[in-house]
Amino acid sequence: MTSRSSLLRAALRIPPSCVVFAVLLITLWVLRPNMMNPAILGTFARQVVPLGIVVLGQLLVISSRSIDLSAGGIILLVNYLISSGLLYSWPLLPIILLCLGVGLAVGLVNGLLVGKRRASAVIVTLAINIVLIGLVEYLANGKPPGDVPAEFRALYNLRFWTIPAPVMFWIALAGIMSAFLGASVFGRFVWSIGSNPTSAHFSGVPVERTVVAAHVIAGLMFAVAALVQTSSIAVGSVRFGPELVMNSIAATILGGVVFGRPAEVWGPFVGVLCFALLFVVMTTIGVQEPGKLIVQGLIILLAAIFYGLRSKSN
Amino acid sequence: MSKVGRIFFPANSRHGLWTIPLLVAICCCVGLAISTADFVSRQNVLNLFAQAAPLILVSIGQMIVILVKGLDLSVGSVVSLTTGILSLNAPFYVTVPAAMLNAAVVGLLNGVAVTRFRVHPIIATLSIMGITQGAAMFVRPSAGGTVASEIVALVSGELFGIYMPVIWTIAAILVGWKIVHGSRFGLHLFAIGGGETAATFGIAEQRNEVAAYVLSSCFAAAAGIFLAGRIASGDPNIGTQYAVDSITAVALGGTQLAGGIGSLHGTLIGCGLLALIANGMNLLNVSAFVQTIVKGAILLLVIALQPRKNIGL
C-alpha cells in the first residue's frame, strides 16, 4: 500500500508540461512521422526561445509570490533601441550591454515598488508596461523602425550540429538558472518565500531584498529574451502581442510552478516546448487561429485544475 | 505618504483611499475648463459619458471580483464575444438573452475554476479569456455584421430628453450601488475579501465568489451590448483593452487588489479620471502616445501612494 501510494505520488510530481509534451509528440509522430527530425524540430524550438527566456525570469518572480507583466514593454523598448538606427554607429557589445542595462533598470524599478513600497505586483508591472509601450510609440512617432544589424541576424541563424545556436543558448541559460537556484542561498530564500512569506520573514529571510532581486533578475532575462527576439526578425517592429507575457505565465504554470511552489526550471522549460509543439501540431491538423486560442486556453485550465486538485489532496 | 492619506481619510476604512484620485480628477476638470473652451460644452460632456459608460460597466463588475480577492481578465473577451453574438443575423429578443446567458456561463466557469478547483484567479480567467476570445473570433472573424436596430436605438438618441449613454451610466451606478453597498451580498463580498475567519462564519464563501464572477461577466456583457449599439456591428477585438483599463480604473479608485477594501464611488472616480485624461488630452492635442505614458504614470503614482501589508500580487 505504501509503495503504491508513493509511486502515485511520484507520478503526480511530474509537471503537467511533461505529460502534455509527450501527448503532443506522439500526436505529431502519428500524424506526420517525417517531421520528427532534429533539423525541423530545432527550427520550431528556435521560434520559442524568446518565450523560453522570458519564462526563466517569470518562474523566478512567480515562485516568490509575485508576477511580472512588463516583459512586453521591455522587449518593445530593446527592439526599438536596436532597430531604430539611433545606435547604428555603435559596435555590437555596447549595444548589448545597454539593452541588458535597460532590462536591469526596469526590473529594479519593478522590484523596489513591489518589494520595498509593497505595491501590488500586477498593477505595478502593468503600469510600467503601459509607460514603456507609450514611450516607444512616442519615440517612434508612427514611423516604421529600420533594419536590425546584420550581426544579430547572423548569430540567430548559426547552427551547431544542426541544433540552432539560440536553442543551445536557451538550454545553457536554463542550466545556469537551475544550478543557481538549486545551489545558492538565494534559491533557498525564494523557495521559503514561496512556501510561506510570513514564516520566511520570521526565520530571518530578507523577504523584501529577495523579491527585489527576483524582479531585477527577471528584468535582465526579459532583456536577453528581447535581444534574441530582435535577432529573429530582420526589420524592427513596434507591435508585439501581449500574448508573449500571457504565454510566459501559462508555460510557467504548465511547468508546475504555481504561486508558493519551489522554483523549478525544467518543468516550465518543457512547458515552453509544449507551446512550440502545440503550434506545429495544430498547424498540421489545420486548426485556425480561434481554435488555437481555445485549445491553448483549455490546456492551461486543465493543467491548473489538475494542480489545484492535487494541492487539495495533499 | 501614508500620513497624507490619514489626513484625507481615516485609517482602516473599508472604502480605500479614494480622496486623492478625486482631488486629481477635480484638478483635471478645473484645469481643462480654464485652458480649453470646448471642455464644458454640452457636446463634450455628452461625449465624456459615451466614452465612460462601457468602462464604468466593466469596472463595476471587475471591482466586485476584486473585492473577493479575485481578478477577472476575461471581461474584455466577453465584451468582444457579446458584440459578435449581437451582430448575428437574428432578432434582438434572441441575441440579447443569448449574449447574457453566454456571459453567465463564462462567469460560472471562472467562478467554479477559482473556487471548486482552486485555480489562481489570474490563471483561471486568463485561460477562460483565451477560450472566449477564440469563440469571439470564431463567431465573427473580423469586424462587421449588423446589429438589430432596437439595440442601436437603445444606445443612441434620447429618452425623455435625456441622452441614452447618461441613462446607461445612471442605471449602472444604481445597480452597482444596490449590489455592493445596498445588499447583504455586498456585505458578504467585503467580509470574504477581508479574509478574517470570524467574518466568514456562516457565509457561503464559494457560492458568493462564484456569484461575483458571474456578475462581472454579466456587467461586461452589458458593456458589450452598449458598444455593439454604438458601432452597430460586431468586432472581435473591440474589448481587448477593457481588461487592463478596468483593472486600472478600479485600482485608481482606491480598491485594493488584496480584496476586502474598495468602493463603488472610488471605482466611478477611477473611470471618470481615465475618461477625463483621454478627453482632456484630446482637447489639448496631446498625442495618443503621450496619453498612454500619462495613464501609466498616474496609475503608478496612485498605487505607490497606497500602503499595503503584503508583498507580491
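Start by selecting Ile74(A). Leaving out residues up to four places away in sequence, Ile74(A) touches Val102(A), Gly103(A), Val106(A), Leu132(A), Gly219(A), Phe222(A), Ala223(A) and Ala226(A). Here, two residues are in contact if their C-beta atoms, placed from the backbone, lie within 7 Å.

A word on what you're looking at: this is a predicted model, where local features need pLDDT of at least 70, side-chain atom pairs count only at pLDDT 80 or more, and totals for chains, interfaces and linings use all residues. Residues are numbered from 1 along each chain as its sequence is written, while chains are lettered from A and ligands numbered from 1 in the order in which they are written.

**Around chain A**

Zoom out to chain A, with its 15 helices and 2 strands. Both are DSSP runs numbered from the N terminus: helices are H or I with at least four residues, strands E with at least two. Of the 314 residues in chain A, 49% count as buried.

Next, click Ala174(A) in helix H9 (residues 165-183) of chain A. Is Ala174(A) buried or exposed? Ala174(A) has 20 C-beta neighbours inside 10 Å, so it counts as buried. Try the distance tool on Ala174(A) and Trp266(A): they are 92 residues apart in sequence, and 7.6 Å apart in space, C-alpha to C-alpha.

**A pair of arginines**

Most residues other than glycine have a negative phi. Select Arg118(A), where phi is positive, near 60 degrees. You'll find Arg118(A) in the loop between helix H6 (92-116) and helix H7 (121-140) of chain A. Hop over to Arg118(B), which has a positive phi of about 55 degrees. Arg118(B) sits in the loop between H5 and H6 of chain B, and it counts as partly exposed, with 17 C-beta neighbours inside 10 Å.

**Two helices in chain B**

Show H5 (residues 92-115) and H6 (residues 121-139) of chain B: their axes come within 9 Å and cross at roughly 150 degrees. Axes are lines fitted to C-alpha atoms, for helices over the stretch in contact, with angles from 0 to 180 degrees between N-to-C directions. H5(B) and H6(B) are therefore roughly antiparallel; that label is for angles over 145 degrees, while those under 35 count as roughly parallel, 65 to 115 as roughly perpendicular and the rest as oblique. Among the residues that meet are Val106(B) and Leu109(B) from H5(B), and Ala124(B) and Ile128(B) from H6(B).

**Where the chains meet**

Finally, show both chains. The contact takes 38 residues from chain B and 48 residues from chain A. Which helix gives the most to the side of chain B that touches chain A? That's H6(B), with 12 residues.

Conventions
Buried ≥ 20, exposed ≤ 12 C-beta atoms within 10 Å, placed from the backbone.
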